[in-house]
Amino acid sequence: MCGRYATSRARQELLDEFQVQLDAVDGDIQADYNVAPTKQVPVVLDRRPRDEPDEAPAVRQLRTVRWGLVPSWAKDLSIGSRMINARVETVHEKPSYRRAFARRRCLLPADGYFEWYTLQDQGDGADPAEGEKKAKKKARKQPYFIRPKDGAVMAMAGLYELWKSPEDEWVWTCTVITTNAPDDLGRIHDRMPMVVEPDRWDAWLDPSLTDTEQVRGLLVPAMAGTMDAYPVSKAVNSVRNNGPELIEPANSGDGSGDHSEGLF
């Protein structure tokens, strides 16, 4: 799964990189080095402007939306915290995602994402009772930051939805599509965000492209050797921590510090 990531590109950089026609962001876009579910995140999408006729062309937009997709039929926002990811293998057929997959696709710009590797406790095996005690202990996990080797923006494949609140307010939400991680990353975690290459951005965002198989054909898992992965400080474990130091390689001792806060 993808449960944390970093996005620090400046607003103008995003507008230029994705050739955005309409800046629909209210307020500033702040760099966020510890994005967690339910936060507002920048997304790029193509959508016909409101009140325009049906034949009007879609416009490339930059927006901020809530991470955690809420289907239009949901009773409240809480369901979104359980729908931060959608598996590429089934996203086109799941009731919660299939309508969005057909015509409400988006890109989530990121610098990279975090995963937690379970550390193996290497005992000497001399005392079976001691080994059993160690097995019962909570597994120790080391956070890793994973990013494109070339430093390019990581355009994560996503879906967005509009949900109407009881107060008649429209809430925009999104989810990240995940896929199997290649062998060099699978040792850390077996899943990763699906990345859309620049030459497929236009087709992926095109709401007039609704053929399921054609859309699925745009999603190609990352090839081995295209991403960097390195351990970072366990300070990222707490959502209260935020700053560029979270994506810096861990110094000696930083990666094994005692940060007992939950991952979310």
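The questions and answers below concern a predicted model of one chain.

Me: How many helices and strands are there in the chain?
Reply: The chain has 264 residues, of which 46% are buried. Among contacts between residues at least 6 apart in sequence, 71% join residues at least 24 apart. The count of elements in the chain is six helices and 13 strands.

Me: Which element gives the largest share of the largest nonpolar core?
Reply: This core has 36 residues, and those touching the most other members are Phe 18, Leu 62, Leu 107, Leu 159, Trp 204 and Leu 219. At least two residues each come from α1 (11-17), α2 (98-103), β10 (154-164), β11 (170-180) and α5 (201-205). With four residues, the largest share belongs to β10.

Me: Which residues does Leu 107 contact, leaving aside neighbours within four places in sequence?
Reply: Leu 107 is one of the residues that touch the most other members of the largest core. Beyond its sequence neighbours, its contacts are Phe 18, Pro 42, Val 43, Val 44, Ala 155, Met 156, Val 196, Trp 201, Trp 204 and Leu 205.

Me: Is β4 mostly covered or mostly open, and how many of its residues are buried?
Reply: β4 is joined to β5 by eight antiparallel bridges, with Val 41 opposite Val 65 and Arg 47 opposite Val 59. β4 is mostly covered, and the number of buried residues is six of eight.

Me: Which residue of β11 stands opposite Trp 67?
Reply: Strand β5 pairs in the parallel sense with β2 (residues 22-23), and there Gln 61 is the bridge partner of Leu 22. β5 and β11 also run parallel, joined by two bridges. In β11, the residue opposite Trp 67 is Cys 174.

Me: Which residues lie closest to the centre of the largest pocket?
Reply: The pocket holds about 680 Å³ of space. Two or more lining residues come from each of β4 (40-47), β5 (59-67), β10 and β11. Of the 21 lining residues, the closest to the centre are Arg 47, Arg 48, Pro 49, Arg 50 and Tyr 160.

Me: How many residues of each class are in the lining of the largest pocket?
Reply: The residues closest to the centre include Arg 47 and Tyr 160. Arg counts as charged, whereas Tyr counts as nonpolar. By class, the lining has two polar, nine charged and ten nonpolar residues.

Me: Why does Arg 200 count as partly exposed?
Reply: Arg 200 sits in the loop between β12 (191-193) and α5. Partly exposed covers the range between the buried cut-off, under 20%, and the exposed cut-off, over 50%. Arg 200 counts as partly exposed because its relative accessibility is 28%.

Me: What is the C-alpha to C-alpha distance between Arg 200 and Leu 219?
Reply: Not counting residues up to four places away in sequence, Arg 200 touches Gly 217, Leu 218, Leu 219 and Val 220. Arg 200 and Leu 219 are 19 residues apart in sequence. Their C-alpha to C-alpha distance is 8.8 Å.

Note on methods. Residues numbered from 1 in each chain as written. Predicted model: local features only at pLDDT ≥ 70, side-chain atom pairs only at ≥ 80, totals over all residues. Heavy atoms only, no water. Core = buried A, V, L, I, M, F, W, Y, C linked by side-chain atoms within 4.5 Å. Buried < 20%, exposed > 50% of the residue type's maximum accessible area, 1.4 Å probe, protein only. Contact = heavy atoms within 4.5 Å. 1 Å grid on protein atoms, 1.4 Å probe; cavity = no way out; pocket = protein on both sides within 12 Å on 5 of 7 lines; lining within 4 Å. Points joined across faces, edges and corners; volume = space filled by probe spheres on them. Pairing = 2+ DSSP bridges.
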